[in-house]
Amino acid sequence: MGLGKYLSSLTKPELEELKENLNLTDDELGVFCGLAKGRSKVRVAEDCLVSVSTVSNRIKAIQNKINRL
């Protein structure tokens, strides 16, 4: 399951708890919130004013943090 589908499947309290436990950077937080709202990588990139490649790198960083929990 992709990160976006995983995040959008969580309840609001679960998302908040995960967000607190991950210690995300501000940049990662923008991507996390966009994906949690069900937005595509392209839409998240547009919203964050970065490239899709940058969003992909931030997704990998977020996934690594989730895997370490």
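Biologist: Hi! What pLDDT does the protein average?

Modeller: Hello! This is a predicted model, and the protein averages a pLDDT of 95, with 100% of the residues scoring at least 70.

Biologist: On to the inside, then. Which residues of the largest nonpolar core touch the most other members?

Modeller: Those are Leu7, Phe32 and Ile62, in a core of 17 residues.

Biologist: And which elements give two or more residues to this core?

Modeller: There are several: helix H1 (3-9), helix H2 (12-22), helix H3 (26-36), helix H4 (41-48) and helix H5 (52-68).

Biologist: Let's stay with Leu7. What is Leu7 in contact with, leaving aside its neighbours within four places in sequence?

Modeller: With those neighbours set aside, Leu7 contacts Leu15, Leu18, Phe32, Leu35 and Ala36.

Biologist: You mentioned Ala36 there. Where is Ala36 placed, and is Ala36 buried or exposed?

Modeller: Ala36 sits in helix H3. Its relative accessibility is 18%, which is under the 20% cut-off, so Ala36 counts as buried.

Biologist: What else does Ala36 contact, again leaving aside neighbours within four places in sequence?

Modeller: Besides Leu7, Ala36 is in contact with Ser8 and Leu15.

Biologist: And how far apart are the C-alpha atoms of Ala36 and Leu24?

Modeller: They are separated by 14 Å, and the two residues are twelve residues apart along the chain.

Biologist: New topic: at what angle do H3 and H5 pack?

Modeller: The angle is about 90 degrees, and their axes are 9 Å apart. An angle of 65 to 115 degrees counts as roughly perpendicular, so that is how H3 and H5 lie to each other.

Biologist: Which residues meet there, in H3 and in H5?

Modeller: From H3 you have Asp27, Glu28, Val31, Phe32 and Leu35. They meet Val55, Arg58, Ile59, Ala61, Ile62 and Lys65 in H5.

Biologist: I'm curious about Arg58 in H5. Is Arg58 buried or exposed?

Modeller: Arg58 is buried, because its relative accessible area is 16%, and buried means under 20%.

Biologist: So what does Arg58 touch, leaving aside its neighbours within four places in sequence?

Modeller: Arg58 is in contact with Asp27, Glu28, Val31 and Val50. Among them, Asp27, Glu28 and Val31 are in H3.

Methods:
Residues are numbered from 1 along each chain as its sequence is written. This is a predicted model: local features need pLDDT of at least 70, side-chain atom pairs count only at pLDDT 80 or more; totals for chains, interfaces and linings use all residues. Side-chain values use heavy atoms; hydrogens and water are left out. A nonpolar core is a set of buried Ala, Val, Leu, Ile, Met, Phe, Trp, Tyr and Cys residues joined through side-chain atoms within 4.5 Å. Buried means under 20% relative accessible area, exposed over 50%, partly exposed in between (1.4 Å probe, protein chains only). Helices (H or I, at least four residues) and strands (E, at least two) are DSSP runs, numbered from the N terminus. Contact means heavy atoms within 4.5 Å. Axes are lines fitted to C-alpha atoms, for helices over the stretch in contact, and angles run from 0 to 180 degrees between N-to-C directions. Angles under 35 degrees count as roughly parallel, over 145 as roughly antiparallel, 65 to 115 as roughly perpendicular and the rest as oblique. pLDDT is the predictor's confidence in each residue, from 0 to 100.
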